[in-house]
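I am opening a notebook page on this structure, and I want to record what I looked up, one topic at a time.

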Amino acid sequence: MSHMDAYRASGAERLRTDDLLALMPKHGASALDVGARDGHFSLLMAERFDNVTALDLSQPRITHPKINCVAGNTAALDFPDRCFDLVFCAEVLEHIPSPALERACTELARVCRSTLLIGVPFDQDIRVGRTTCSHCGQTNPPWGHVNRFDEARLANLFPSLHLAERSLIGSTRERTNALSTWLMDQAGNPYGTYSQDEPCVHCNHPLGQPAPRSFVQKLITKAAFLGQRLQRPFIAERANWIHLRFERAN
């Protein structure tokens, strides 16, 4: 089983998928899947919509009579205004740095005729799981997530649309602190998300694997984990993901 297949089969991912489908319209003429990747949601949307456009930076490879695969940039969509009944964008916005993020959200709202469905990690502590690029030596956020979102920030990114429904899905207590983050950086971030497909956000090269640690760096790593353990009793649970369904009023 591939990494993506294992991810799709996990209980947490099934929970996320089920909630997004519950928020999605049951039928319609046209839908846009932004960040389609392996086509997981495009195929599910094809069961509800007459035509689905699957868009990613590289043209997706999805074979289905209802699905049209295109390469494109979310911050500059090559579609007319209000041309899709549903615009679906999940696990995408957390990867887009400003000011491209604001342009992308403007574009998503522009091509939406009726419903916009957004899914992102909720209030993620993007200091947890950081990596150090073996090519340029710069620190990266986990999974290439450069943004941290709550409901207010998301709503402010789509001022022309009405927020119709919100879901908070899953639970986590994953948090760190400034001292543990600094210590882990000094240790080379040996336990970051090096299995990710996303390249370094600084040099765009593959991250590679963490460098071997010295004895001192191993001690620093232990100190970083100790700092995280000491704060754990004071960390409240929060949701893993936030899903927002926006509607166009006119």
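Before anything else I wrote down the cut-offs: a residue is called exposed when its relative accessible area is over 50%, buried when that area is under 20%, and partly exposed in between. I also noted that the model is predicted.

Surface patch. Together with Val 216 and Leu 219, Phe 215 makes a nonpolar surface patch of about 330 Å².

Largest pocket. I found a volume of about 820 Å³ for the largest pocket, and among the 27 residues that line it, Asp 56, Leu 57, Val 92, His 95 and Glu 198 are the closest to its centre. I sorted the lining residues into 13 nonpolar, eight polar and six charged. Helix H1 (3–9), strand S2 (49–56) and helix H4 (100–111) each supply at least two residues of this lining.

Salt bridges. In one of them, Arg 130 and Asp 185 meet through their side chains at 2.4 Å, N to O. Arg 130 lies in the loop between strands S5 (112–121) and S6 (131–132) while Asp 185 lies in helix H6, so this pair ties together parts that are 55 residues apart in sequence. Asp 185 counts as partly exposed, because its relative accessibility is 23%. I then turned to Asp 197 and Arg 37, whose closest N and O atoms are 3.6 Å apart in their salt bridge; these two residues are 160 residues apart and link distant parts of the chain.

How values were computed. Residues numbered from 1 in each chain as written. Predicted model: local features only at pLDDT ≥ 70, side-chain atom pairs only at ≥ 80, totals over all residues. Heavy atoms only, no water. Patch = residues over 30% accessible without salt bridge, like charges linked within 9 Å, V, L, I, M, F, W, Y side chains within 5 Å. Areas by Shrake-Rupley, 256 points an atom, 1.4 Å probe, with all protein chains shown as cover. Salt bridge = Lys/Arg side-chain N within 4 Å of Asp/Glu carboxyl O. 1 Å grid on protein atoms, 1.4 Å probe; cavity = no way out; pocket = protein on both sides within 12 Å on 5 of 7 lines; lining within 4 Å. Points joined across faces, edges and corners; volume = space filled by probe spheres on them. Helix = DSSP H or I, 4+ residues; strand = E, 2+ residues; numbered from the N terminus. Nonpolar A, V, L, I, M, F, W, Y, C, P; charged D, E, K, R; others polar. Buried < 20%, exposed > 50% of the residue type's maximum accessible area, 1.4 Å probe, protein only.
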